[in-house]
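Me: I'm new to reading protein models. Could you go through this one with me, one question at a time?

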Amino acid sequence: MKITREQVEHVAKLARLELTEDEKALFTGQLDGILAYVDKLNELNTDGIVPTSHAVPMENAFREDVVAASIGIEKALANAPDRSESFFRVPKVIE
Amino acid sequence: MELHELTIHELHEKLKNREISSVEATKAFLARIDAVEDQVKSFITVTAAEALKNAEAADKRIAAGDMDVLTGIPLALKDIFLTEGILTTCASRILSGFVPPYDATATARLKARGMVLLGKLNQDEFAMGSSTETSWFGKTRNPWNLDCIPGGSSGGSAAAIAAQQAVATLGTDTGGSIRQPASHCGCVGLKPTYGRVSRYGVIAFASSLDQVGPLTRDVTDSAIMLGAVAGYDPKDSTSVDTPVPDYLQALTGDLKGLRIGLPREYFIEGLDPDVKKAMDEAIATYRALGAEFVEMSLPHTDYAIAVYYLIATAEASSNLARYDGVRFGHRNQDARGLLDMYMVSRDEGFGAEVKRRIMLGTYALSSGYYDAYYLKAQKARTLIMQDFITAFESVDVILTPVAPTPAFRLGEKADDPLQMYLSDIFTIPVNLAGTCGISVPAGLSSDGLPVGLQLIGKHFGEETILRAAHAFEQATEWHKKKANI
């Protein structure tokens, strides 16, 4: 086994996903299969190879720090599931 | 010929010569959508009223002599592109009511040229899939055979063209999501070089791989659409500040001396006989056009899927952290506290494939596994990219199949994620290397399903692959074949 049900539960918590019991069982099996497949990367010797995070050579993309208009409060809040005045409203954080 | 069968350049001629108006063309497409949408289900949202308004504005522009090649042309966009004031869902329940406050740069550029927006197209949820079966809004079907998948993730973008519901569309390609559905639906699909087209306002899946590109009826239209959306955008720091060439100028028809590479890793034993036949015929066509063939190797091909499903899921797990039910998107209203709200809203909002990928990506990035999985995959990605850079020292273009088989049947791979992932073997390496690739119609299977040919170019080699694709198209009739719907 590459991954256990306990690990799946731990990862789900990290990912903020409330999985059902069925999903936990399903994903444990499927992730196990996928992780067994990706193990083939261990056949490759990657000593001294520089990792790639960006496929096109680029310098840092800087711009001038200038004041510009933003979309404004009403547009920013237009899709809010819940709001109060000019704020996003969420359930109580501290009991 | 019916209006809804025309290409951009054909329709443009008719608009320019005042044979028809944009309103007439738009009505023809809206009628066509009405007639076939029940069977195909290419769209999540049809914006009929908006389209007619766009068409009226375009007709005014044309009358005033202020006309671009896209002015008045009815187009549609994958539902991953933000459209101000128009529902944009990325085919996910978590965005099922999301109305963007601004346009994607690609949307804005097409609007500025006077496009008519017919609507927003179905896709796999968050572009995660190869079949358009994971959409919260239902499955799109292949117009060539309604029992088959249209490919994915830009399945609606390809099906809408095959079913003649739009002249051209935009899709996105993270691991083949433009090229594979184009191949399965018999249209032309172009994935430009990473950085060629701005992703500002394009809902992110895997940010080091995602790229915007067109799906069209022919290669000329592909060149037109790429020219319209390509170019530097200060709002996307990964967009590259190099001039956009006139891609139409590249379509010279001259292939004398073009060196085409055939990578042996892509022409393996057991390749589907219909796909093999199409490739053999394409090679013969290119020989007759004066191209030279070079046998070559991309030695790390076999590792591409493993690399992709670690890097793409890791980036996705980070990108999709923004869907937390706080600022936009679905929120569970009964949650007992903030943490509970995050967990339940995300569980309800995401479908199984998206959750599976978030889980895999979170695992690959988590403490104790980062080096073994994510970092290892990034190093292997370097080897895959080097394969291409080395190859392009001795060839101009690489010719391969797009997919190992023609379109498979609905449900065939839905329960086996690994089998679904393996169907992207010929397209994924191009995204990992960041180069460009185009899918062109190159045959029909014994069951009458389209088979596509992939031409891969070097970084910013769009002109060369468009030229090679165009010459092939002019020498063959495959792009004129139409789905019987």
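Predicted model: local features only at pLDDT ≥ 70, side-chain atom pairs only at ≥ 80, totals over all residues.

Me: In which loop of chain B is B:Ser153 found?
Reply: Residues are numbered from 1 along each chain as its sequence is written, while chains are lettered from A and ligands numbered from 1 in the order in which they are written. Helices (H or I, at least four residues) and strands (E, at least two) are DSSP runs, numbered from the N terminus. B:Ser153 sits in the loop between strand 3 (116-121) and helix 5 (155-162) of chain B.

Me: What kind of peptide bond joins B:Gly152 and B:Ser153?
Reply: Look at omega for this bond, which is about 10°. The bond joining B:Gly152 and B:Ser153 is cis.

Me: Is B:Ala127 buried or exposed?
Reply: B:Ala127 lies in the loop between strand 3 and helix 5 of chain B, and its phi is positive, near 65°, though the residue is not glycine. A residue is buried if 20 or more other C-beta atoms lie within 10 Å of its own, exposed if 12 or fewer, and partly exposed in between, with C-beta atoms placed from the backbone. Because B:Ala127 has 30 C-beta neighbours inside 10 Å, B:Ala127 counts as buried.

Me: And is A:Arg16 buried or exposed?
Reply: A:Arg16 lies in the loop between helix 1 (5-14) and helix 2 (21-38) of chain A. Its phi is positive, about 55°, although A:Arg16 is not a glycine. There are 21 other C-beta atoms within 10 Å, so A:Arg16 is buried.

Me: Which helix of chain B gives the largest share of the side that touches chain A?
Reply: Two residues are in contact if their C-beta atoms, placed from the backbone, lie within 7 Å. In this model, 55 residues of chain B are in contact with 41 residues of chain A. The largest share of the side of chain B that touches chain A is 11 residues, and it comes from helix 12 of chain B.

Me: Is B:Asp371 buried or exposed?
Reply: B:Asp371 belongs to helix 12 (residues 370-391) of chain B. Since it has 8 C-beta neighbours inside 10 Å, B:Asp371 counts as exposed.

Me: How are helix 9 and helix 12 of chain B oriented to each other?
Reply: These helices pack at an angle of about 125°, with their axes 9 Å apart. Axes are lines fitted to C-alpha atoms, for helices over the stretch in contact, and angles run from 0 to 180 degrees between N-to-C directions. Angles under 35 degrees count as roughly parallel, over 145 as roughly antiparallel, 65 to 115 as roughly perpendicular and the rest as oblique. Helix 9 and helix 12 of chain B are therefore oblique.
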